[in-house]
Amino acid sequence: MDRKLELFRSELKAKGLNSVTIDKYLWVIRKFLEFSNNETGKEQAVNFLNSLIDEQKKPAFRRFCHYALRNWFRFSGLKWDLAPPEVNRYEQTRPIMSLHEIEKLIKKAKQVCNNEELAKLAVSTVYGLRRAEIRLITKEDINPVKNTINIKTRKKGRYRTHLIPEEIRDYVYWYEWDKIVSDNQTSVIFRGIFKKCGMYQDGFGPHTIRRSLATQLGMKMGGMDREKLKHFLRWKDRYEDILALYQQFDKESESIDKEVFQVHPFLPFWRD
């Protein structure tokens with residue numbers, strides 16, 4: 001079993017997961033195997049996940065265990081068709097920022113933040129990047145000639161290429177993008193940005209900005225095809241037939257970016 005776990009570790013690493021997440025996944029799987037007497041099957045998984053409810057574990061932890069088990073089952077060549085735990089009320093009402101607050105954040109950041117913070121805040125506010133998407137950007141992903149940036153979506157290593165609008169080019173190009181940090185370190189960087197700008201609240205981070213952008217774009221884009229918005233924000237649809245649609249949109253990414261930038265609520269705040 002130890003050999004299989006090490007192979008599982010290698011597969012998770014190949015998928016782009018960071019070492020901290022991999023270690024946590026392996027901890028969950030060891031707990032599961034201990035619980036199930038080294039048997040891996042749907043009945044054992046259901047019983048294990050139900051035991052977490054009995055132990056009054058938080059939904060976030062139970063959901064993490066769900067995804068660890070899903071990866072383990074797929075690695076083992078077994079079908080996984082269990083739904084993840086429901087999102088609790090706190091997670092449904094995580095903080096969001098108003099348009100005025102985003103404007104205040106960007107303008108203050110220009111005065112008090114360093115190059116790394118400004119570059120990461122710029123890509124966060126323009127593309128609504130997730131924490132992992134921000135931390136995985138390297139200098140190889142930046143193309144100053146074509147004015148593009150590659151975003152690793154963490155979905156089997158797939159890239160999404162975005163145009164870099166003129167408003168943030170200096171901020172993106174001034175930073176070297178020479179180090180990959182962990183998810184937790186990315187959260188620390190963004191907490192530092194919010195605190196420097198005097199705007200930190202509990203729970204604030206990259207996803208706060210992402211939710212705010214999605215909300216504002218949803219209101220401003222009017223008649224734009226909703227699938228284009230989903231493409232721009234790199235949302236995954238639960239239905240398999242969306243794949244063909246995304247392949248079509250991949251060819252139209254540049255035009256979709258330009259269409260979004262026309263109504264982008266946060267871009268004007270980056271202009272001097």
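User: Are Tyr 175 and Trp 177 buried or exposed?
Analyst: The model is a predicted one. A residue counts as buried when its relative accessible area is under 20%. Tyr 175 and Trp 177 are both classed as buried.

User: Phe 8 and Trp 72 form an aromatic pair; of what kind is it?
Analyst: Phe 8 is buried, with a relative accessible area of 0%, and Trp 72 is buried with a relative accessible area of 0%. The two ring centres lie 5.1 Å apart, and the planes are at 80°. Planes over 60 degrees apart count as edge-to-face, so the pair of Phe 8 and Trp 72 is edge-to-face.

User: Which helices does this pair of Phe 8 and Trp 72 link?
Analyst: The two residues are 64 apart, so the pair links distant parts of the chain. Phe 8 belongs to residues 2-14 and Trp 72 to residues 59-75. These helices are α1 and α4.

User: Which strands stand at the edges of the sheet?
Analyst: The open sheet has three strands in the order β1-β2-β3, with antiparallel pairing. Two of these strands have a single partner each, so one side of each is left without a neighbour in the sheet. The edge strands are β1 (142-143) and β3 (159-163).

User: What is the bridge partner of Ile 142 in β2?
Analyst: β1 pairs with β2 (residues 148-152) in the antiparallel sense, over two bridges. Within β2, the bridge partner of Ile 142 is Ile 149.

Conventions:
Residues numbered from 1 in each chain as written. Predicted model: local features only at pLDDT ≥ 70, side-chain atom pairs only at ≥ 80, totals over all residues. Heavy atoms only, no water. Pairing = 2+ DSSP bridges. Helix = DSSP H or I, 4+ residues; strand = E, 2+ residues; numbered from the N terminus. Phe/Tyr/Trp six-rings, centres within 6.5 Å; stacked < 30°, edge-to-face > 60°. Buried < 20%, exposed > 50% of the residue type's maximum accessible area, 1.4 Å probe, protein only.
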